[in-house]
Amino acid sequence: MPTYTGYAAKLMLEDGTVFEGIGFGYPAEITGEVVFNTGMVGYTETLTDPSYRGQILCMTYPLVGNYGVPSFDVKDEYGLPKFFESDHIQVKGLLIHDLSDTASHWSAVKTLDQWLYEEKIPGIYGIDTRALTKKLRVHGVMMGALAVSDSGPIDDARLKKLVQGASYEGLNFMPEVSTQEPKEYGPPDRDCIVVLDTGVKYSIIRNIIRTGYRVVRLPWDAPYEQIMSYNPKGVVISNGPGDPKVCKPTIETASRLIKTSTPTLGICLGNQILALAGGADTYKLKFGHRGQNKPCIDLRNNLSYVTSQNHGYGIDPKSLDKSGFRVWFANADDDTVEGIEHASKPVIAVQFHPEASPGPYDCMFVFDRFNEIIKGGGKISDRVRTGAPSQPHKQQNIGTKKKDKKKKGKARKQTAAAVAATTAKKARGKRNAKR
């Protein structure tokens, strides 16, 4: 099989830093927001996640490509590609330390460099991805320009001009990642759940079908009336790329879903959209959360879960006070909001990816809780699911039921911001004490 490596390649950041390496994939010049992902495996799912639209992705794990790329022709029982999260690569460019140009896996039909070439995506390897990641963590995400050339040296002056003219903020990627027309998945005789497609991953669709429904996938800007014409049992607002504030039609629709008490689940971008629809605010994180080992605390029981994440924006916890929402999950690392639930409406949302793909399946119960809300006539229950696919690790001594009830009542009286910050800090303190 042909290989597509050995090209001249350079990455320039907006601060002028240059990383020179070896190009692979498709020779091209591109610009995008440079971000990093800390996952060790799952690059086929990661590269096809629509939430990466408009971004140049750095993989922090040093060796990438060793198990190759499976075939898109392998479908699951619902007709979806079994090993991918969308129909094509979504990142604009790929940055890695060491490329494996040979692949060994029973499902592999091509190498990573061949896949990138076919999809016209440039990549660079042989760079110091640790130094790049540290720079992004210290200074925050930056715009970058990546050039991969098969015809000679790369001009730094041209790269500088490219990166100076690049932007990510305020761009609306929805027309690029959303379906253009309604699509249906699953047994046609089932009740339906509508997915507002703001960049939905296929694994979200799979998990909705798993809980007993068929899925109607609608464009991101589908109005409330179009959604209701399908008589759905509930609505899911999906993950997706970019600033949630540019999704004005989706926010307007979400506001009506809340007002009409329609059972609704938000995931990732959908979490932020529901918060905005409730009157809360969002902001851009310094370097985002992208990886498969992000700890989140369920504030209903103080249990910690390991989650898969991919987002660059978050919900301002202080703005939740008058929104009707309260914090459901808090990030144990930085106290950011990782999930919300409405105090009186059948509306819940998580910032992480309960469907994983890639990552741990600890939080599949989020889909089951949404199903319970629907089955319960739109009532939110605090009952904690004990039959989750993987039992969580208790990072705190929960204590007796009587003490739990007292603590829970006290926590509910605090502001959403205090709940998120206090609980996460206590969890970290006890972990450090045990060490």
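Q: What do you call the crossing in which H8 passes H9, left-handed or right-handed?

A: Right-handed. The rule looks at how the near helix is turned from the far one, by less than a right angle: clockwise is right-handed, anticlockwise is left-handed. One heads-up: this is a predicted model, where local features need pLDDT of at least 70, side-chain atom pairs count only at pLDDT 80 or more, and totals for chains, interfaces and linings use all residues. Residues are numbered from 1 along each chain as its sequence is written, and side-chain values use heavy atoms, with hydrogens and water left out.

Q: What makes H8 and H9 count as roughly perpendicular?

A: Their axes cross at roughly 70° and come within 8 Å. Axes are lines fitted to C-alpha atoms, for helices over the stretch in contact, with angles running from 0 to 180 degrees between N-to-C directions. Under 35 degrees is roughly parallel, over 145 roughly antiparallel, 65 to 115 roughly perpendicular, and the rest oblique. So H8 and H9 are roughly perpendicular to each other.

Q: Which residues in H8 meet which ones in H9?

A: Thr250, Ile251, Ala254, Ser255 and Ile258 in H8 meet Ile273, Leu274, Leu276 and Ala277 in H9. By class, that contact has seven nonpolar, two polar and no charged residues. Ala, Val, Leu, Ile, Met, Phe, Trp, Tyr, Cys and Pro count as nonpolar, Asp, Glu, Lys and Arg as charged, and the others, Gly among them, as polar.

Q: How do you know that S1 and S2 pair?

A: Strands pair if DSSP finds at least two bridges between them. S1 (residues 5–13) and S2 (residues 18–25) have seven, in the antiparallel sense, so they qualify by that definition. One of the links is Ala8 with Ile22 in S2. S1 and S2 form a hairpin with four residues between them, and Gly16 in the turn has a positive phi of about 95°. S2 is also joined to S8, antiparallel, by four bridges.

Q: Why are S10 and S16 called edge strands?

A: They belong to an open sheet of 10 strands with mixed pairing, in the order S10-S12-S11-S13-S14-S19-S18-S17-S15-S16. S10 and S16 each pair on one side only. The twist averages 25° from one strand to the next. Within the sheet, S11 and S12 run parallel, joined by six bridges.

Q: What makes H6 mostly covered?

A: Eight of its nine residues are buried, where buried means under 20% relative accessible area, exposed over 50%, and partly exposed in between (1.4 Å probe, protein chains only). Among them are Tyr202, Arg206 and Ile209. The cover includes S10, S11, S12, S13, S14 and H10. After H6 comes Gly212, with a positive phi near 110°.

Q: How do you know whether Arg137 is buried, exposed or partly exposed?

A: Its relative accessible area is 44%. That value falls between the two cut-offs, so Arg137 is partly exposed. Arg137 sits in H3 (residues 129–139).

Q: What is Arg137 in contact with, leaving aside its neighbours within four places in sequence?

A: Phe36, Lys286 and Phe287; contact means heavy atoms within 4.5 Å. Arg137 and Gly288 are 151 residues apart in sequence and 9.1 Å apart in space, C-alpha to C-alpha.

Definitions and conventions:
Helices (H or I, at least four residues) and strands (E, at least two) are DSSP runs, numbered from the N terminus.
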